[in-house]
Amino acid sequence: MRMETDLLRFPFLPGFGKMEIIFPDEMATPDEENMASSGKEIMVIHHDEDHNVMTPNGENMGTPEDELMETPDTGKLGSPDGHNDLALVETQPNKRRKKKSIVWEHFTIESVSPDCRRAYCKQCKQSFAYSTGSKVAGTSHLKRHIAKGTCSALLRGQDKNQLVATYTPPSRGSTVSETPKRRYRTSSSPYVMFDHDRCRQDIARMVIMHDYPLHMVEHPGFISFVKNLQPRFNMVSFNTVQGDCVGTYLMEKQNLSKFIEAIPGRICLTLDMWHSSRSVGYVFIMGSFIDSEWKLHRRVLNVIMEPYPESPTALSHAVAACLSDWRLEGKLFSLTFNQIQNEAALDNLRPLIAIKNPLILNGQFLVGSCIALTLGDIAKDVLSAGENTIRKIRDSVKYVTTSDSHEEKFLELKQQLQVPSERNLVLDDQMQWNTTYHMLVAASEMKEVFSCLDTSDPDYREAPSMEDWKLVDILCTYLKLLFDAANILTTTSHPSAITVFHEVCRIHSELARAVTSEDPFTSNLSKMMLEKVDKYWKDCSIVLAAAVVMDPRFKMKLVEFSFTKVYGEEAPAYIKVVDDGIHELFDEYVALPLPLTPTYAEDGSADGNMKAEDSQGNLLSDNGFSDFDVYIMETTSQQMKSELDRYLEDSLLPRVQDFDLLGWWKLNKFKYPTLSKMARDILSIPVSTLTPDSVFITRRKKMDQYRSSLRPETVEAMICSKDWMQGGLTEVSNALVRMEY
């Protein structure tokens, strides 16, 4: 049966007259030989699935892109012997010369006889037909050897992270599901195998990293995009990508679990309760710890759904689940909350912690408050106190910034009045209290312009009065005090408790002085703010002071200085509480069941250069000197000062700006083997439960509606995996873990 063909006429080729090229759909016509011998100059050309060009007798002429082929040794068009008729095309004017084929990066040409040359793979040394007499083979069979993975040597050495980019040019009546007609390449990257599992893994990681909805894989636009980009990829469903995301989470969790098991110290937890439109809560539990290299890490460990978030048992249940999940019983050092909890919740939490963990310092490190939310709560009180005035300022800024003509007129007045302010008027975001502060500061610096605008623009109404501007200055003074302290939390992902100690003391001193003001508004506002600062100071002063003591630049000296300013004549009693607490905590670390090892041993291992063994026996081993260590401890414990006392008596270090506190303890862990362990745990205590981008929020965080509709296990997998991948603890694995739903 003869199949229908498309006739393409090329009357412009010199030397061929009128030539017909027939492209069969699948196979040659039965009477090709008759057509070839009918007197017409006809070339019958077959196209295989890779768009290779075949002559009627089976010779491979290469792909269309290689019709004008450069040989690796001549770099000229035509066959190796230079007698190919295609060289006639070279005489055409403005004919663009084809680039050298990429296959010659992987093949060399060698002569096996006077009329026969073959192409040899540089990797596996396999040979392929190249030229016989005047007949020259194409390069498609060489490309297939590289691209389809038949070269074992290239397959072993290729980079799995690269994918073959294939594209199907759209044609009449074609669909995106047809097989690719052309394989594109770049001159600098080798062909690599298409890895379907790796594509699935990359989709899962993409969804996790960028918070894309899982249902995006079923969106028609995304399906069309992927099919055009790689038609060989079988699109995944919602359930499949959900399983892949959970599988990625399990793989990352296994790596993080091994990392946490190896940390030499304890771990501190922060609890952040998110609410949702479905009336259920999500407890975000983040762990903070210092590794063996004295690097501080913070990782989201769990996101646990609590059906009744206001229940007194919600937080205790979440903490118990986290400790069990990560096998942290006995390693918990402190807890930091995102909000003030009721006494019933704390009563349920304390027994759980006391049973499963040593009750360090009578539980004073087990309950804390978030400094970011404390500052935000105080800022909201300040904004509420000047609510009416702030509304007038906001309306005035809105009047100027929402109209081009109004803004242009405002800038002209500013220039005429020569107002030196370089700030820009920006309408505030009432969800972020720092934006309101910046709006008030900018407006206050340009109050003269607003006053002039009031007299020159009849449409501008309700301009702030002089009393309003005075109130704005007072509000900005208080907000600046809070902003400077909160802004420290945004400059680093791990805010220092030492810096927070100094800022809280500074705020306390300023408010205590403002309370005595003769202005009723200033005095009352200062008194209200001071009450909340005192509440935070009462809950966290011991923790903050302990961190200050562990800084060799300050030790107890800064505690004594700051407490004197805060407590006045009562300061000695509070200083004694801190000093006694630090010594009590150190005694607990001394009493921990640690192996009797020389003082240079750290974390269960000693430097290999210090290990020695007598050739006649184990005289210098631990077994030989264990009783000597006991003797030293018994005879010198009452005579020698403790590590803590020696540390406190040493002179203070200079206060350099870029002092590396953890690096200092790493260098001095041999000098203070026990105290360094205590310092490792104290310095890992987080002072904020919020991320730097959430420090200035004015409302509680809420889980979005889409994530609330997902399974709790999926929500936890998505949020935790993103945090872990951004942390960069582990490398990307090529293994795909499948979870079926």
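# Touring the helices of a predicted model

Contact here means heavy atoms within 4.5 Å, while buried means under 20% relative accessible area, exposed over 50%, and partly exposed in between (1.4 Å probe, protein chains only). Helices (H or I, at least four residues) and strands (E, at least two) are DSSP runs, numbered from the N terminus.

This is a predicted model, where local features need pLDDT of at least 70 and side-chain atom pairs count only at pLDDT 80 or more, but totals for chains, interfaces and linings use all residues. Residues are numbered from 1 along each chain as its sequence is written, and side-chain values use heavy atoms, with hydrogens and water left out.

**The whole chain**

The protein chain has 24 helices and 17 strands. Of its 741 residues, 45% count as buried. Looking at contacts in the chain with a separation of 6 or more, 69% come from residues 24 or more positions apart.

How far apart are the end C-alpha atoms of helix 24? They are 23 Å apart, which agrees with the 22 Å that the 16 residues (712–727) should span at 1.5 Å a residue. The expected span is 1.5 Å times one less than the number of residues in the helix.

Helix 4 passes the check too: its 14 residues should span 20 Å, and its end C-alpha atoms are 20 Å apart. In helix 4, the buried residues include Arg198, Arg200 and Arg205, along with Ile203 and Val207. The buried residues of helix 4 pack against helix 6 and helix 24.

**Three helix pairs**

Next come some helices that lie against each other. Axes are lines fitted to C-alpha atoms, for helices over the stretch in contact, and angles run from 0 to 180 degrees between N-to-C directions. Angles under 35 degrees count as roughly parallel, over 145 as roughly antiparallel, 65 to 115 as roughly perpendicular and the rest as oblique.

The axes of helix 15 (residues 497–514) and helix 17 (residues 555–567) come within 9 Å and cross at roughly 20°. That makes helix 15 roughly parallel to helix 17. Their crossing is left-handed, meaning that the near helix is turned anticlockwise from the far one by less than a right angle, whereas clockwise would be right-handed. Making the contact are Phe501, Cys505, His508 and Ser509 of helix 15, with Leu558, Val559, Ser562, Phe563, Lys565 and Val566 of helix 17. By class, that contact has six nonpolar, three polar and one charged residues. Ala, Val, Leu, Ile, Met, Phe, Trp, Tyr, Cys and Pro count as nonpolar, Asp, Glu, Lys and Arg as charged, and the others, Gly among them, as polar.

Helix 9 (residues 371–385) and helix 16 (residues 520–549) have axes that come within 10 Å and cross at roughly 165°. That makes helix 9 roughly antiparallel to helix 16, and helix 9 passes helix 16 in a right-handed crossing. Among the residues in this contact are Ile371 and Ile378 of helix 9, and Phe521 and Tyr536 of helix 16. The contact divides into ten nonpolar, one polar and three charged residues.

Helix 12 (residues 433–445) and helix 14 (residues 466–488) pack at about 135°, with their axes 9 Å apart. That makes helix 12 oblique to helix 14, and their crossing is left-handed.

| Residue | Relative accessible area | Class |
|---|---|---|
| Val515 | 22% | partly exposed |
| Asp211 | 38% | partly exposed |
| Trp294 | 3% | buried |

Val515 lies in the loop between helix 15 and helix 16. Leaving aside neighbours within four places in sequence, Val515 is in contact with Ser523, Ser526, Lys527 and Leu530. Val515 and Leu525 are ten residues apart in sequence and 8.1 Å apart in space, C-alpha to C-alpha.

Most residues other than glycine have a negative phi. Asp211, in the loop between helix 4 and helix 5 (220–229), has a positive phi near 55°. Trp294, in the loop between strand 14 and strand 15, has a positive phi of about 60° although it is not a glycine.
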